[in-house]
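Hi there,

Here is the structure I promised to pass on to you. Have it open while you read, and I'll walk you through what turned up.

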Amino acid sequence: MTLLEVETLRIQRASGVGDPLVAGVSFTVEAGEVVGVVGESGSGKTLTGLSLLGLLPDGLTATGSLRFAGRELLTQTPKAWERTRGAEIAMVLQDPSSSLHPMLKLGEQLTDHLRLHLGLGKLEARARAVELLERVHLREPRRLLGQYPHQLSGGMKQRVSIAIALACGPRLLIADEPTTALDANIRTGIIGLLDELRRESGMGIIFVTHDLAMLSSIADRLNVFRTGEIIESGDAQRVFRSPQHPYTRVLLDAVPRVPWPLPKEIRA
Ligand SMILES: Nc1ncnc2c1ncn2[C@@H]1O[C@H](COP(=O)(O)OP(=O)(O)O)[C@@H](O)[C@H]1O
Ligand SMILES: [Mg+2]
């Protein structure tokens, strides 16, 4: 079964004033697939992601259809949304600091999250937290649990926020520019990690980024957003090799070509 089917999603101001911010986009995500999303800023990428968590900003409404594992999300109750968020669909944001509390040790944040969502006891939650930090390839996980976010580098913080997103074993991960704030080599590590997670767990990933060179190494399909619409979509390699829309060509011309697939040593 298709994991996610978005059909003519429109996001508008509830007042009805102005053009729609997302003007009827349709796309699908299969289990284990990485769907790349690119497009200029303000084109509706983040709002599309937020609508999949039922977290649109106040004053905005979504219509159309968001079918997740065969079930319609848009009409579900607030209680059902709570179960969807985290447990089925999770999101990683551009700035890892925004998903971490500055005043709490990582151990408290991770174990609180695990106890709340999975109903684990204190010791179990701590053991699971260590496992999750290992899963995202952070060294000395036990020591990390005693640290505050400001003691970590940006790349480490992003790994922790990915660990939190993975905590409940979501089937779909929305990564919204997760590497924009990071250095190039750290960025490569995060991309490799996401690629590994989808291969191991069959998690579907919507990967929003400006980094087309990176996407060319991990995306199976590509959706190009422009002013609230998807103006081009298709098999990622096809789009990279022969973009049909003039806007996609402009985007691609601005990107240095990278070897594809990425050599094994930098994917790991
Ligand atoms: N809370 C909001 N109220 C009204 N308009 C918004 C709100 N949030 C975002 N927008 C507008 O919606 C459009 C799409 O935004 P967004 O999805 O964040 O774009 P992207 O992620 O592609 O950069 C932009 O024009 C933005 O200004
Ligand atoms: Mg955005």
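H137 is partly exposed, because 15 other C-beta atoms lie within 10 Å of its own, and a residue counts as exposed only at 12 or fewer and as buried at 20 or more. Please keep in mind that this is a predicted model. You will find H137 in the loop between helix 4 and helix 5 (141-144). Its phi is near 60°, a positive value in a residue other than glycine.

T8 is another residue to look at for its backbone angle. T8 is not a glycine, yet it has a positive phi of about 35°. It sits in strand 1. Is T8 buried or exposed? T8 is exposed, since it has 12 other C-beta atoms within 10 Å.

Strand 1 (residues 4-13) is joined to strand 4 (residues 60-68) by 8 bridges, in the antiparallel sense. You can follow this pairing at two places: Q12 stands opposite T61 in strand 4, and V6 stands opposite L66 in strand 4. Strand 4 also runs antiparallel to strand 5 (residues 71-72), with 2 bridges between them. There, F68 stands opposite R71 in strand 5. Strand 4 and strand 5 form a hairpin with 2 residues between the strands, and in this hairpin A69 takes a positive phi near 50°.

On one side it pairs with strand 8 (residues 204-208) in the parallel sense, over 4 bridges, and the bridge partner of G36 in strand 8 is F207. Strand 3 also runs parallel to strand 9, joined to it by 5 bridges, with V38 opposite V224 in strand 9. How many residues of strand 3 are buried? The count is 6 of the 6, so strand 3 is largely enclosed by the rest of the structure. In a regular strand the side chains alternate between the two faces of the sheet. Both faces of strand 3 are covered, with V34, G36 and V38 buried on one side and V35, V37 and G39 buried on the other.

Strand 9 (residues 221-226) pairs with strand 10 in the antiparallel sense, over 6 bridges. Within that pair, L222 has G234 of strand 10 as its bridge partner.

In the loop between helix 9 (236-241) and helix 10 you will come across S242. S242 is exposed, because it has 10 other C-beta atoms within 10 Å. The C-alpha atoms of S242 and A90 are separated by 32 Å, and the two residues are 152 apart along the chain.

Next, a pair of helices. The axes of helix 3 (residues 106-118) and helix 4 (residues 122-135) come within 9 Å and cross at roughly 115°. This crossing is right-handed. G107, L110, T111, L114 and R115 of helix 3 meet K122, A125, R126, R128, A129 and L132 of helix 4. Sorted by class, this contact has 5 nonpolar, 2 polar and 4 charged residues.

The residues around it are L21, S41, G42, S43, G44, K45, T46, L47, P57, G59 and L60. They divide into 4 nonpolar, 6 polar and 1 charged. Which element gives the largest share of this shell? It is helix 1 (residues 45-51), with 3 residues.

Enjoy exploring!

Terms used:
Residues numbered from 1 in each chain as written. Chains lettered and ligands numbered in written order. Predicted model: local features only at pLDDT ≥ 70, side-chain atom pairs only at ≥ 80, totals over all residues. Pairing = 2+ DSSP bridges. Axes fitted to C-alpha atoms, helices over the stretch in contact; angles between N-to-C directions. Left-handed = near helix turned anticlockwise from the far one by under 90°. Contact = placed C-beta atoms within 7 Å. Nonpolar A, V, L, I, M, F, W, Y, C, P; charged D, E, K, R; others polar. Near = placed C-beta within 6 Å.
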